[in-house]
Amino acid sequence: MLPSLKAAFALLSLLELISSRPLMTTSPKLKLSEITHRIQQLNAGVQVPCNDTRVAQVAFTDRTLSEQELLCQAATALTKVTKCKKDYEPFIINLQSLHGKTNCSLSNENEIYLRNFLPELGNFTQGMYRRLARSAAQ
């Protein structure tokens with residue numbers, strides 16, 4: 001009985017040690033996948049939180065801008081959503097960690113409803129995910 005108790009205590013101690021350590025940085029593919037999944041979850045609900053909020057439109061189809069610039073602009077646009085900040089915080093964190101910039105240029109000239117912005121962001125991140133997966137397979 002005593003050896004199994006010692007083994008159980010050692011296992012518990014090991015689990016506590018592992019759980020107390022910060023997680024390793026997750027891969028860009030995982031972050032992109034999480035963004036896409038969260039958007040799908042929000043769109044599957046009755047209503048997107050703060051769906052009538054207007055945010056700056058990001059030109060995701062503009063090929064003159066780098067992916068990092070577009071990710072930065074998307075994060076900047078979402079930081080303007082103040083009412084439902086907790087709903088969009090995971091998006092902002094993942095987007096900021098993907099682009100690695102501190103600031104970017106974003107015009108407020110054209111605005112779009114959040115309910116229309118999210119599917120565009122989802123399509124963009126899904127495309128990035130596919131490109132990463134394709135390049136990793138080669």
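A charge is said to sit over a ring if NZ of Lys or CZ of Arg is within 6 Å of the ring centre and within 35 degrees of the ring normal. The legends below describe close-up views of a predicted model.

**View A. Arginine charges at the ring of Y113.** R115 lies over the face of Y113, at 4.4 Å from the ring centre. The charged end of R54 also sits over the ring of Y113, and its distance from the centre is 4.7 Å.

**View B. The aromatic pair of F60 and F117.** The structure holds 3 aromatic pairs. One of them joins F60 and F117 in a tilted arrangement, with 6.0 Å from centre to centre and 50° between the planes. F60 lies in the loop between β1 (54-56) and α3, whereas F117 belongs to helix α5, so the pair ties together parts that are 57 residues apart in sequence. F60 is buried, with a relative accessible area of 7%, and F117 is buried as well, at 0%. Together with F124, F60 and F117 form one aromatic cluster.

**View C. The largest nonpolar core.** This core comprises 29 residues, of which L78, Y88, L114, F117 and L121 touch the most other members. Two or more residues each are contributed by α2 (28-44), α3 (67-79), α4 (85-99) and α5 (114-137). In soluble globular proteins, nonpolar side chains tend to be buried together.

**View D. The surroundings of L121.** L121 is among the core residues that touch the most other members. When neighbours within four places in sequence are left aside, L121 is in contact with I35, I39, F60, A74, L78 and L95.

Methods
Residues numbered from 1 in each chain as written. Predicted model: local features only at pLDDT ≥ 70, side-chain atom pairs only at ≥ 80, totals over all residues. Heavy atoms only, no water. Core = buried A, V, L, I, M, F, W, Y, C linked by side-chain atoms within 4.5 Å. Buried < 20%, exposed > 50% of the residue type's maximum accessible area, 1.4 Å probe, protein only. Helix = DSSP H or I, 4+ residues; strand = E, 2+ residues; numbered from the N terminus. Contact = heavy atoms within 4.5 Å. Phe/Tyr/Trp six-rings, centres within 6.5 Å; stacked < 30°, edge-to-face > 60°.
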